[in-house]
Amino acid sequence: MTGAWDADDDLLGRVFLGRVIEPGDEAGGRWVREFGPAEVVRRLRHGHAALPGATATRWAGLVARAGRAEPERDLAVARAAGARFVRPGDGEWPRQLDDLGDARPLGLWVRGRPSLRMWALRSVAVVGARACTEYGTHAAATLASGLAERGWVVVSGGAYGIDGAAHRGALAARGATVAVLACGVDQPYPRGHAALLGRIADQGLVVGELPPGDHPTPSRFILRNRVIAALTRGTVVVEAARRSGSLATARAAQRLGRFTMGVPGPVTSALSAGVHDLLRGEATLVTDVAEVVELVGDMGELAPARRGPVLPRDLLEPRARGVLAALPGDRPAPAEEIALDARTTRDDAIARLYELRALGYVERHGDGWKLTRQAMTSVQAGRRPC
């Protein structure tokens, strides 16, 4: 790095530290909070005494990484890729990320024109398994497109499977979507999603903590998930096995007090076992966009009441329904028998039977009464188990 750089520059200091301190490092976050970026950079750059909590071995490793940090170059590479660096205190910084405490990102690299802060205010994470089923792909895409149509920003991790389906669903609805990467925002990862990530950058936002050119690792994927959880009002998990990394997003959302939701799958599917475990805990079962919005939306945005189809006999007055239910299905019955089974008087039963006859439910057979074909169909439809 050039000697002309002034360590008091907070922007360059945070970009510098992004090359040295790993995402989610709470010790590094505590140093920045207690001493400020400039002092942390000064000690690392000149190899001064270790900061509190760092062993000699760890401090030597950090100092070695600091020797290779070139913040001016990172900013130039980012600008060439159409990216900017957003840090705490900037107008575009999403303040809900501050809920992460010392694990808060030092800053975020952002590709795309919209304001990250404004988009994050009304956003929902949709995450899940990479190796998903057609059911999972359909559920994720349907939820994402529905959320986008209702003005919500869909946030996910840009990965294969559920993440990709969520992004594509939002894009197909001409809606807003944000991909949070576990690598540099100039790196199309996974490679097979290069075109998708390009579309997201053009139509939405691509976000990441790591500096340009940095590659993903298993631990970085897990740590990336805390950013997805913190950015959004709630996290929906669609298909996740018990060891799925997407469950880390749900657990982070729960720790942060965000809404955690799960889309159920077949009880025989191992890919839904992790979701079902969430649902047995504190997560909420959701099956469509209205149920998601009921949780994360404003007061009064309630999902419609669910009920089966309304049958004509459901509209009958209760005593008439009782008399109708008392008629045997295989033979005519006298009014006295019907009244006994309906727990009413003979005169009341006869009055209801004439009412039901006018509506086409019963017919007179001599001294008895019998259900019509219309009534039989209605009764069978109401009793059908599935």
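Me: How do the residues of the lining of the second largest cavity divide into nonpolar, polar and charged?

Reply: Classes first: Ala, Val, Leu, Ile, Met, Phe, Trp, Tyr, Cys and Pro count as nonpolar, Asp, Glu, Lys and Arg as charged, and the others, Gly among them, as polar. Here the lining has seven nonpolar residues, one polar and three charged. This is a predicted model: local features need pLDDT of at least 70, side-chain atom pairs count only at pLDDT 80 or more, and totals for chains, interfaces and linings use all residues. Residues are numbered from 1 along each chain as its sequence is written, and side-chain values use heavy atoms, without hydrogens and water.

Me: What is a cavity?

Reply: On a 1 Å grid over the protein atoms alone, a cavity is a set of points where a 1.4 Å probe fits but cannot get out. Lining residues have an atom within 4 Å of a point. Grid points are joined across faces, edges and corners, and a volume is the space filled by probe spheres set on the points. This structure has three cavities of 30 Å³ or more.

Me: Which residues line the second largest cavity?

Reply: Among them are Pro23, Cys183, Glu209, Arg220 and Arg224. The volume is about 60 Å³. Helix α10 (218–231) gives the largest share of this lining, three residues.

Me: What is the volume of the largest cavity?

Reply: About 160 Å³. Of its 20 lining residues, the closest to the centre are Gly18, Ile21, Pro23, Leu106 and Glu209. The lining divides into nine nonpolar, five polar and six charged residues. Its largest share, three residues, comes from α1.

Me: How many residues does helix α16 have?

Reply: Helices (H or I, at least four residues) and strands (E, at least two) are DSSP runs, numbered from the N terminus. The expected span of a helix is 1.5 Å times one less than its number of residues. Helix α16 (residues 346–358) has 13 residues and reaches 19 Å from first C-alpha to last, close to the expected 18 Å.

Me: Which residues of α16 are buried?

Reply: Buried means under 20% relative accessible area, exposed over 50%, partly exposed in between (1.4 Å probe, protein chains only). In α16, Asp348, Ala349, Arg352, Leu353 and Leu356 are buried. They lie on the same side of α16 because they cover an arc of only 135 degrees around the axis, taken from the directions from the helix axis to the C-beta atoms. The face turned away from that side carries exposed Asp347 and Ala358.

Me: What follows α16?

Reply: Gly360, with a positive phi near 90 degrees.

Definitions and conventions. 1 Å grid on protein atoms, 1.4 Å probe; cavity = no way out; pocket = protein on both sides within 12 Å on 5 of 7 lines; lining within 4 Å.
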